[in-house]
Amino acid sequence: MDDAHRSGCPINLTLEVLGDRWSLIVIRDIMFGNRRHFRELLNRSEEGIASNILAARLKRLMEAGLLTKGDDPSHQQKAIYSLTESAIQLVPLLVQMGAWGRRHRPVSAELSIRAQLLEEGGPSLWNAFMAELRALHLGAPAPKRSVLHELQAAYEKVAAQRKAAR
């Protein structure tokens, strides 16, 4: 076992990478919000991450092999962050975290609709979503179905309904 780790327990080792306050939020925003640039992650985070914290988390997630950073072909001075296969395989974990949060925490309707749809869709939907993420981030062939679009459309529908009800 590497002395840099508290133990060889798989839960401990996962928490050493993902157990801080921001790492899963950054992965969530890249995964579900398709936020791929530093400014998008900084300015569109519901939780309001500070720029120095975001920079540190991005660096840490790259060092852990969950993100890669490349040049953005649309802009010479921008970098684009991509999920690795290891990060894409977090989808089932994030679905279960969302399901737990929906059951036990005071969630908002618009921010929990994606979690609800993923939970109800089960492993077949998770696999379709992971295939789409592989196309977006790893260059795999694009699937016909866009789960990301379905999740975004559901969010927008619930947000519009809540706004109209106010």
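## Helices H2 and H4

Angles from 65 to 115 degrees between two axes count as roughly perpendicular. This structure is a predicted model. In it, H2 and H4 pack at an angle of about 80 degrees. H2 and H4 are therefore roughly perpendicular to each other. Their axes lie 10 Å apart.

Which residues make the contact between H2 and H4? From H2 come Ser 23, Val 26 and Ile 27. From H4 come Leu 54, Arg 57, Leu 58 and Leu 61. By class, the contact of H2 with H4 has five nonpolar residues, one polar and one charged.

## Helix H1 and its cover

Helix H1 spans residues 10-18. Its buried residues are Asn 12, Glu 16 and Leu 18. H2 and H4 are among the elements that cover the buried residues of H1.

## Helices H2 and H7

H2 also packs with H7. The angle is about 85 degrees, and the axes are 11 Å apart. H2 and H7 are therefore roughly perpendicular to each other.

On the H2 side, the contact uses Ile 30, Met 31 and Phe 32. On the H7 side, Arg 114, Leu 118, Phe 129, Leu 133 and His 137 take part. Six residues of the contact of H2 with H7 are nonpolar, one is polar and one is charged.

## Helices H7 and H8

H7 covers residues 109-138, and H8 covers residues 147-165. What is the angle between H7 and H8? They pack at about 160 degrees, with axes 8 Å apart. Angles over 145 degrees count as roughly antiparallel. H7 and H8 are therefore roughly antiparallel to each other. Their crossing is left-handed.

H7 brings residues including Ala 109, Leu 117, Leu 125, Phe 129 and Leu 136. H8 brings residues including Val 147, Leu 151, Tyr 155, Val 158 and Arg 162. The residues of the contact of H7 with H8 divide into 16 nonpolar, two polar and five charged.

## The largest nonpolar core

How many residues are in the largest nonpolar core? There are 34. Ile 27, Met 31, Leu 83, Val 91 and Phe 129 touch the most other members. Several elements each supply at least two residues of this core, among them H2, H4, H7, H8 and strand E2 (79-83). H7 gives the most, with seven residues.

Is Ser 112 buried or exposed? Ser 112 sits in helix H7. Buried means under 20% relative accessible area. Ser 112 has a relative accessible area of 9%, so Ser 112 is buried. Beyond its neighbours within four places in sequence, Ser 112 is in contact with Arg 102 and Val 107.

Where is Asn 34 found? Asn 34 is in the loop between H2 and H3. Its relative accessible area is 30%, so Asn 34 is partly exposed. Phi of Asn 34 is near 50 degrees. That is a positive value in a residue other than glycine.

Notes:
Residues are numbered from 1 along each chain as its sequence is written. This is a predicted model: local features need pLDDT of at least 70, side-chain atom pairs count only at pLDDT 80 or more; totals for chains, interfaces and linings use all residues. Side-chain values use heavy atoms; hydrogens and water are left out. Axes are lines fitted to C-alpha atoms, for helices over the stretch in contact, and angles run from 0 to 180 degrees between N-to-C directions. Helices (H or I, at least four residues) and strands (E, at least two) are DSSP runs, numbered from the N terminus. Angles under 35 degrees count as roughly parallel, over 145 as roughly antiparallel, 65 to 115 as roughly perpendicular and the rest as oblique. A crossing is left-handed if the near helix is turned anticlockwise from the far one by less than a right angle, and right-handed if clockwise. Contact means heavy atoms within 4.5 Å. Ala, Val, Leu, Ile, Met, Phe, Trp, Tyr, Cys and Pro count as nonpolar, Asp, Glu, Lys and Arg as charged, and the others, Gly among them, as polar. A nonpolar core is a set of buried Ala, Val, Leu, Ile, Met, Phe, Trp, Tyr and Cys residues joined through side-chain atoms within 4.5 Å. Buried means under 20% relative accessible area, exposed over 50%, partly exposed in between (1.4 Å probe, protein chains only).
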